[in-house]
Amino acid sequence: MAQMKYFYELTISSSPHVHSPVTTRTVMRDVLIALTPALAGSVWFFGFRALLMTLISAAACMFFEWAYCKLMKTDCKVYDLSAAVTGVLLAFVCPVSIPYWMLIIGDFFAIVVVKQLFGGIGKNFVNPALAARAFLFSWPVAMSTWVKAGWENWFGIFESVTVDTVTSATPMSVMHQGSMEGIDLMDLFLGKVGGCIGETSALLLLIGFVYLLVRKIISPRIPLAYIGTVAVLTFLFPMGNDNLMWMGAQVLGGGLMLGAIFMATDYVTTPVTKLGQLIFGIGCGLLTVVIRYFGGYSEGVSYAILVMNCCVVLLDKIGRPKKFGAPKKEAAKR
């Protein structure tokens, strides 16, 4: 019998890596699907400008990644949809009134500065969308002009909001003063409040969360540790308000749900060990509450996650299991 030879092609790619027969593209596709309910809600609450913002942001991120790869003559992987996810998330953490040119600058910063200059997907050490949001606060007025949610407040696709009749304070800015005046938990749950276009509806974000869990794209470990920490701390320290009402408003309000579900679970910028993930989630929750209570800015989710992103290497060392069968001295050195 003639000897038969078999040749197999082995493809080695950069992180994120998952232990299942899926690719980065399928993972990112599922994330985009999970974000769809929140996107539909943003259109309902803020008008078609929210949709156009999201599409422009995703397209700009994909263009900047393609252009950078062409300029540097490296392998272009725009098809993996990671740039599109970054663009959608950046749009989600911006107010609907932000000018398009400013959003595109944020897209450039996220893709070129935060992601590509560090080596591309799998090598950035902080979340690109959140880093770009922090950078966009170079224009603090534009990033803190909030539009009242509701179909009756829709405005032109190509215009920005300048009239006072459609602007409103967010629940977080009210609670930053230690007040619960005018805050309704059902409105926070459904999304009928002012805020960034993708963060207002806890219900729609939770639908995306369930989808990601069913698809086994993320683990509930970090989101539950994050949200649970915020819930416990705000219940224990209600700043003179009713404990349950204050806790509910802090959990449902602001960007906590969006950050805990879609930002803090980023494969690249979060720990891979179970213990590390728990500490990461608890740390994010603790920093979020500290910034909300004592910071000059009413929201702390973005900065809490960015700070914890910088601690991931240490957290993975802390959570790394001991080598089986290794002597105690050798295990201690590790």
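**Entry 1: the whole chain**

I began with burial: of the 334 residues of the chain, 51% count as buried (under 20% relative accessible area, with exposed being over 50% and partly exposed in between, using a 1.4 Å probe and protein chains only). I noted that this is a predicted model, where local features need pLDDT of at least 70, side-chain atom pairs count only at pLDDT 80 or more, and totals for chains, interfaces and linings use all residues. Residues are numbered from 1 along each chain as its sequence is written, and side-chain values use heavy atoms, with hydrogens and water left out.

Next I looked up the secondary structure and found 15 helices and zero strands; these are DSSP runs numbered from the N terminus, helices being H or I of at least four residues and strands E of at least two.

**Entry 2: the largest cavity**

Rolling a probe the size of a water molecule over the atoms shows where empty space is left. How many cavities of 30 Å³ or more does a search of the whole structure find? I found three. A cavity is a set of points on a 1 Å grid over the protein atoms alone where a 1.4 Å probe fits but cannot get out, and lining residues have an atom within 4 Å of a point. Grid points are joined across faces, edges and corners, and the volume is the space filled by probe spheres set on them.

The largest cavity holds about 340 Å³. I listed 23 lining residues, with M28, V85, N127, D266 and Y267 nearest the centre. Helix α3 gives the largest share of this lining, four residues. By class I wrote down 16 nonpolar, five polar and two charged residues (Ala, Val, Leu, Ile, Met, Phe, Trp, Tyr, Cys and Pro are nonpolar, Asp, Glu, Lys and Arg charged, and the others, Gly among them, polar).

**Entry 3: the second largest cavity**

This one has a volume of about 80 Å³. Its lining includes R133, E199 and E299. I saw that α5, α11 and α13 (301-309) each supply at least two lining residues. The lining divides into six nonpolar, three polar and three charged residues.

**Entry 4: a closer look at N309**

N309 sits in helix α13. Is N309 buried or exposed? I read a relative accessible area of 3%, so N309 is buried. A polar atom of its side chain lies 2.8 Å from the backbone oxygen of T269. Leaving out residues up to four places away in sequence, N309 touches F125, V126, N127, T269 and F280 (contact means heavy atoms within 4.5 Å).

Conventions. On a 1 Å grid over the protein atoms alone, a cavity is a set of points where a 1.4 Å probe fits but cannot get out, and a pocket is an open set with protein on both sides within 12 Å along at least five of seven lines; lining residues have an atom within 4 Å of a point. A polar contact is a pair of N or O atoms within 3.5 Å; within protein, one must be able to donate a hydrogen and the other to accept it, and residues adjacent in sequence count only if both atoms are side-chain atoms.
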